[in-house]
Amino acid sequence: MVNFIFQEAVKTVEKTTHQWQTPSNIALVKYWGKTEPQLPKNASISFTLNNCHTKTKIEFEKIEKDTEVNFDLYFEGKRKDEFKPKIAKFFDRIKEYCPYILDYSMVIHSENSFPHSSGIASSASGMAAIAMCLISLEKELNPNLSDDYLTQKASFLARLGSGSASRSIEGPLVVWGKHSDIKGSSDNYGVKFPYKVHPIFENYQDCILLVDKGEKQVSSTVGHNLMHNHPFAEQRFQQANDNLSKITTILQEGNLADFIELVESEALTLHAMMLTSNPYFILMKPNTLEIINKIWGYRAESDSNICFTLDAGANVHILYPHTEKQQVEHFINTELLKFCQKNQYICDNTGFGAQTF
Ligand code: DP6
């Protein structure tokens with residue numbers, strides 16, 4: 001493996017600020033099941049989103065080297081000490097690779113473009129944003145480090161915060177997890193899908209229907225852990241890797257019928273793993289199923305290529321080609337909004353990853 005341990009600073013940096021905007025992502029082949037230290041049981045692939053993002057600014061000020069990481073956290077302008085333990089744990093995991101964080105006090109300001117507790121995973125975009133800010137400091141400390149190395153290290157660090165965050169550094173398609181069909185793939189960090197993608201997948205649309213914005217009964221971390229000793233675990237990991245091979249071909253050839261079948265099957269299989277865990281649990285809500293049935297009905301009576309996917313929650317992501325935007329948005333407005341909490345939805349599309357702002 002590439003050595004991600006920071007070696008030496010060639011510059012002194014007393015005070016600096018870095019800020020990054022990093023997107024959320026939606027998996028097409030899902031990551032569900034992991035081993036220490038946050039290594040996936042199978043490879044996964046996601047579309048990087050564009051509008052759903054986190055903006056984070058970190059102010060660094062040099063201090064006497066400490067044994068603990070020093071930071072304050074503001075979320076949407078307000079001090080949020082209740083979010084600190086999760087970030088502290090993240091810093092703890094990465095300080096081995098970024099020992100310089102012990103030389104600074106950090107003030108972190110963060111905000112999301114999507115409503116807080118909307119059920120849209122903010123850990124992916126949030127951890128990716130912090131990782132990018134640290135990597136910018138690292139580049140200041142040692143300008144000789146290459147951009148390719150630093151991008152890989154950003155994904156590596158983000159992964160240690162939240163597995164799916166490894167796929168939120170680049171875009172529009174990122175694979176995380178070692179897979180024989182994907183050149184350069186690794187369990188340690190995400191890589192851009194390395195082959196030419198069919199134009200039908202350019203600017204692909206993702207309309208997120210907010211079905212339930214409440215706190216999830218079971219967190220992703222607990223869900224991942226329930227894959228240990230799960231009766232279908234091994235078959236599931238094998239199936240996901242097989243699906244990654246299939247989608248690699250689909251993305252190059254542009255066969256939408258195959259894409260739809262694979263993506264919907266992945267979403268339902270993810271939830272099937274939850275239904276068959278011990279203890280079992282259900283994250284879908286009645287309206288999740290209402291929406292799925294409406295989508296199937298609409299597809300049966302039109303030549304539409306819409307399909308759905310789900311993450312670990314009740315919200316439905318509706319995926320469709322840019323060429324069908326008008327018709328699908330009409331369908332969503334007239335038929336599906338009634339199933340959303342307060343009629344809320346977010347229209348998004350594929351994006352290109354982290355950017356400064
Ligand atoms: C269902 O990345 O949120 O969205 O690594 O424990 O932070 P941790 O889990 P997380 O799991 C995401 C699971 C998923 C599928 C996916 O994004 O691949």
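This dialogue walks through features of one predicted model.

Visitor: What should I know before reading the model?

Guide: Residues are numbered from 1 along each chain as its sequence is written. The model is predicted, so local features need pLDDT of at least 70 and side-chain atom pairs count only at pLDDT 80 or more, while totals for chains, interfaces and linings use all residues; side-chain values use heavy atoms, with hydrogens and water left out.

Visitor: How many helices and strands does the chain have?

Guide: Helices (H or I, at least four residues) and strands (E, at least two) are DSSP runs, numbered from the N terminus. This chain has eight helices and 13 strands. Its radius of gyration is 20 Å, close to the 21 Å that the globule rule gives for 357 residues, so the chain is as compact as a globular protein of that length. That radius is taken over C-alpha atoms, and the rule is 2.2 Å times the number of residues to the power 0.38.

Visitor: What percentage of the residues is buried?

Guide: Buried means under 20% relative accessible area, exposed over 50%, and partly exposed in between (1.4 Å probe, protein chains only). Here, buried residues make up 54% of the 357.

Visitor: What is a salt bridge?

Guide: Side chains of opposite charge can pair when their charged atoms come close. The cut-off is a side-chain nitrogen of Lys or Arg within 4 Å of a carboxyl oxygen of Asp or Glu. A search of the whole structure finds 14 salt bridges. One of them joins Glu36 and Arg93, with the closest N and O atoms 3.2 Å apart. This pair links distant parts of the chain: Glu36 sits in the loop between β2 and β3 (39-40), Arg93 in helix α1 (residues 84-94), 57 residues apart.

Visitor: Which helices does the bridge between Arg299 and Glu264 link?

Guide: These side chains meet at 2.7 Å, N to O. Arg299 is in helix α7 (residues 286-301) and Glu264 in helix α6 (residues 256-275), 35 residues apart. Arg299 is partly exposed at 22%, whereas Glu264 is buried at 7%.

Visitor: Which residues form a network of salt bridges?

Guide: Asp72, Arg79, Asp81 and Lys84 do. Within it, Arg79 and Asp81 bring N and O atoms to 3.3 Å.

Visitor: Where are the cis peptide bonds and positive phi values?

Guide: Most residues other than glycine have a negative phi, and most peptide bonds are trans. A cis bond joins Glu36 and Pro37, with omega about -15 degrees. Another joins Gly171 and Pro172, with omega about 0 degrees. Gln38 is not a glycine, yet its phi is about 55 degrees. Gln38 is buried, at 5%. Asn343 has a positive phi near 55 degrees and is partly exposed, at 45%.
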